[in-house]
Amino acid sequence: MMQWMIAAILICGANVLTSCNQSDTPVNPDEYMVTLEDALNDGTIVAFTFNLDGEDFYVVFVRVGDTYELLDIGKIGALTRADEPTISENDCEFTMEHDKANNLLTFTVKEKKTGDLILTAIFDIKQSIFEVIPGNSQFKVTGFKMKVSDVEITQMLKENEGDVTLADALVKGAKIEIVYKWIEGTTTFTFTNEGGTYSCQVTGAEKEYFKGSLNYEGGTLTFRADHLYDRESNFAVKFNVLNNTFKYWTIHNDVYESHTISINGTDITKTLKEER
């Protein structure tokens, strides 16, 4: 019964807490406007609807203290279709997290067995922007919407889309190349997204002494180049996926000369802004 009620709310639209009747009293524009920040309030219901490979899904969370608990997940129209859904609670893990440090909300769907990313949506609360990222190029995600307290707010947000960005590094199979130029030469770190983790190949100057790593967490890609014997040669950068910015995390100015980052063969270095 609970699943049917939530599905009805999502399908009928914003003003359906009590009815789907179009003759309901319209909302006064002077009344309080729901925003992303309202999703941080204890007890708030947050719902997502989207189309994944031709199937419509809904996922519902409730804010409990500083965390989000999954309330329900299902396929819209599932009662009339006998085929197995692309994603389900049996096969997938659905999470919603609030990154207080970066003021981000992140919705993620992963496969339970492999840990592979199916999709993630990142919301910048302060700037009111969001980006939806499929975890694999074979997945097609369309019609993504977010509701807070049963009010759709997606239309009030700006969506990041278009050219190659840092977000493309989150897609399974993506190739990320980071070139580190330093006092002893040039060392290249080539990463492959294996479905949430990144394998690394190191070439160039002192390749046998460098260990490269790339990790994604809370809207941030962290790159580290660790030299086995010379800590002064270490280099680390944090990339903000949603804002397409970066900040140096570990740098030795008397050793470091420059760096570039390319994703799937496209150099995006000049499109990124440094955080000060």
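Before clicking anything, one term: a contact means heavy atoms within 4.5 Å. By that rule, residues 24 or more positions apart account for 45% of the protein's contacts with a separation of 6 or more. This is a predicted model, so local features need pLDDT of at least 70 and side-chain atom pairs count only at pLDDT 80 or more, while totals for chains, interfaces and linings use all residues. Residues are numbered from 1 along each chain as its sequence is written, and side-chain values use heavy atoms, leaving out hydrogens and water.

**The whole view**

Switch to cartoon. You'll find 1 helix and 20 strands; helices (H or I, at least four residues) and strands (E, at least two) are DSSP runs, numbered from the N terminus. Buried means under 20% relative accessible area, exposed over 50%, and partly exposed in between (1.4 Å probe, protein chains only). Of the 276 residues, 46% are buried.

**Stop one: inside**

Select Val241, in the loop between S16 and strand S17 (245-250). Is Val241 buried or exposed? With a relative accessible area of 1%, Val241 is buried. Leaving aside residues up to four places away in sequence, Val241 touches a list of residues including Ile122, Ile133, Leu170, Tyr216 and Leu221. Gly219 sits 22 residues away along the chain, yet its C-alpha atom is 5.6 Å from that of Val241.

Next, pick Val132 in strand S7 (residues 129-134). Val132 is buried too, at 18% relative accessible area, and beyond four places in sequence it touches Thr120, Ala121, Val141 and Phe144.

Then jump to Thr165, in the loop between strand S10 (158-159) and strand S11 (175-182). Thr165 counts as buried at 17% relative accessibility. Setting aside residues up to four places away, the contacts of Thr165 are Glu131, Asn244, Ile263 and Ile268.

**Stop two: charged pairs**

Side chains of opposite charge can pair when their charged atoms come close. A salt bridge here is a side-chain nitrogen of Lys or Arg within 4 Å of a carboxyl oxygen of Asp or Glu, and the structure holds 5 of them.

Lys172 is partly exposed at 32%, whereas Asp116 is buried at 13%.

Now try Arg224 and Asp226, whose salt bridge has its closest N and O atoms 3.1 Å apart. Elsewhere, salt bridges that share partners join Arg63, Asp66 and Lys100 into one network.

**Stop three: the surface**

Patches are made of residues with over 30% relative accessible area and no salt bridge: like charges are joined within 9 Å, and nonpolar side chains (Val, Leu, Ile, Met, Phe, Trp, Tyr) within 5 Å. Select Tyr209, Leu228 and Tyr229, a nonpolar patch with about 370 Å² of accessible area together (Shrake-Rupley method, 1.4 Å probe; for residues, only the protein chains shown count as cover). Tyr229 lies in the loop between S15 and S16 and is exposed, at 67%.

Asp230 gathers with Glu184, Glu232 and Asp254 in a surface patch of negative charge. For this, Lys and Arg count as positive and Asp and Glu as negative, with His and the chain ends not counted; the place of a charge is NZ of Lys, CZ of Arg, CG of Asp or CD of Glu.
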